Amino acid sequence: MIPLKGSDLHIPWQKELARAFTTPEQLLDYLELDIAPWQDGLAARRLFPMRVPYPFADKMQKGNPQDPLLRQVLPLADEFAEVPGFVTDPLDEHDSALPGLLHKYRSRVLLILRGGCAVNCRYCFRRHFPYDDNSPGQGGWQPAVDYIAAHPEINEVILSGGDPLMARDEHIAALLNQLESLPHLKRVRIHSRLPVVIPQRLTDDLRDRLSQSRLRPVLVLHVNHANEIDEHLATRLHQWQRAGITLLNQGVLLAGVNDHADSLEALSERLFDAGVLPYYLYQLDKVAGAAHFDVSDDRARALMAELLARLPGFLVPRLVREIGGEASKTPLDLNLEPR
């Protein structure tokens with residue numbers, strides 16, 4: 001058994017993944033927090049399993065029960081609340097075009113490369129997704145590749161999950177080989193939070209394979225707070241950026257985590273320092289069990305107005321909401337009027 005201790009950049013990402021915290025008791029003890037105030041919420045782990053890697057826990061402030069990173073991953077009693085409008089399939093995704101393939105937008109398809117994640121965020125909009133029915137696994141992608149080949153209007157493939165970087169480098173490389181043979185494809189996009197919680201996942205082998213691809217590679221990270229970007233992650237992101245891989249970020253506006261202008265400003269600045277451009281800021285997808293993270297549209301608009309006054313335009317993400325069945329993300333009108 002691997003002993004419990006802090007993160008170590010020399011530990012391979014797979015081993016770091018295997019020794020992640022899986023109970024609130026373990027994590028709270030590591031952070032030197034009294035478990036008593038959290039007792040009522042411990043059972044929420046049965047609603048959605050808990051997983052928190054050590055490198056992510058090491059970015060939390062010990063002794064701080066309000067740490068913004070801790071709040072994203074700690075099961076709470078609030079998850080048992082049944083709130084009207086919050087449902088198990090907020091984006092109407094559970095009926096896919098093929099197992100593991102979602103064709104929501106005309107020119108892009110999304111492949112559920114792996115069902116699991118390195119960290120289970122409590123607000124995850126796919127916390128109820130039927131991954132068992134949508135995980136073809138290595139070697140099972142031919143029907144999806146055939147579907148893409150038969151739809152010349154598709155020019156971009158998005159690797160998603162779960163988290164697609166839960167797949168091994170050689171598995172991703174094998175899928176790339178298949179996708180590169182389709183002449184109408186132009187880009188491959190990877191949506192991942194794994195490097196944020198285990199920076200070692202940004203391996204040199206995967207970086208080199210992507211940079212050599214005929215398809216233009218884009219890595220879209222999921223970072224919600226500036227504290228999630230430490231020196232180790234920033235160093236690897238710079239290496240990937242120098243290899244020609246476009247780096248973007250999409251965050252989620254979360255009550256108690258980043259719903260302040262100071263937090264959002266710091267996030268955009270830290271992202272850019274690490275070579276990443278802010279892309280989207282999402283309003284919360286209304287998934288059952290996550291209503292306590294919701295921020296009102298009026299509050300979101302006010303925050304964006306403050307960001308526009310503080311930051312250059314290229315550091316202000318677009319405030320959007322995803323609505324099932326719509327042809328694209330839906331931007332929120334900020335209702336700004338000239339003074």
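**Notes on the model**

1. At 58% relative accessibility, E32 counts as exposed, where exposed means over 50% relative accessible area, buried under 20% and partly exposed in between (1.4 Å probe, protein chains only). The model is a predicted one, in which local features need pLDDT of at least 70 and side-chain atom pairs count only at pLDDT 80 or more, whereas totals for chains, interfaces and linings use all residues. Residues are numbered from 1 along each chain as its sequence is written, and side-chain values use heavy atoms, with hydrogens and water left out.

2. E32 sits in the loop between helix 2 (24-30) and helix 3 (54-57); helices (H or I, at least four residues) and strands (E, at least two) are DSSP runs, numbered from the N terminus. Phi is likewise positive, near 55 degrees, at N335, a residue other than glycine, which belongs to the segment after strand 9 (330-331) and is partly exposed at 48% relative accessibility.

3. A cis peptide bond joins G161 and G162, with omega at about 25 degrees, and G162 is placed in the loop between strand 3 (156-161) and helix 6 (169-180).

4. S192, in strand 4 (residues 187-192), counts as buried because its relative accessibility is 4%. Its side chain makes a polar contact with the side chain of D163 at 2.8 Å, a polar contact being a pair of N or O atoms within 3.5 Å, of which, within protein, one must be able to donate a hydrogen and the other to accept it, while residues adjacent in sequence count only if both atoms are side-chain atoms. A polar atom of the S192 side chain also lies 3.1 Å from the backbone nitrogen of L194. Leaving aside neighbours within four places in sequence, the residues in contact with S192 (heavy atoms within 4.5 Å) include L165, L219 and H222.

5. Which residues of helix 5 (residues 142-149) are buried? They are A144, V145, Y147 and I148, and, seen down the helix axis, they fall within an arc of 155 degrees, so they line one face of helix 5; the arc is that of the directions from the helix axis to the C-beta atoms. Strand 1 (101-105), strand 2 (108-114), strand 3 and helix 6 are among the elements that cover these buried residues.

6. The count of salt bridges comes to 18, a salt bridge being a side-chain nitrogen of Lys or Arg within 4 Å of a carboxyl oxygen of Asp or Glu. One of them pairs R122 with E79, the closest N and O atoms being 2.9 Å apart, and this pair links distant parts of the chain, with R122 in the loop between strand 2 and helix 5 and E79 in the loop between helix 4 (70-73) and strand 1, 43 residues apart. R122 is buried at a relative accessible area of 0%, and E79 is buried at 4%.

7. E156 forms a salt bridge with R189, where the closest N and O atoms are 2.5 Å apart; E156 lies in strand 3 and R189 in strand 4, 33 residues apart. E156 is buried, with a relative accessible area of 6%, and R189 counts as buried at 11% relative accessibility.
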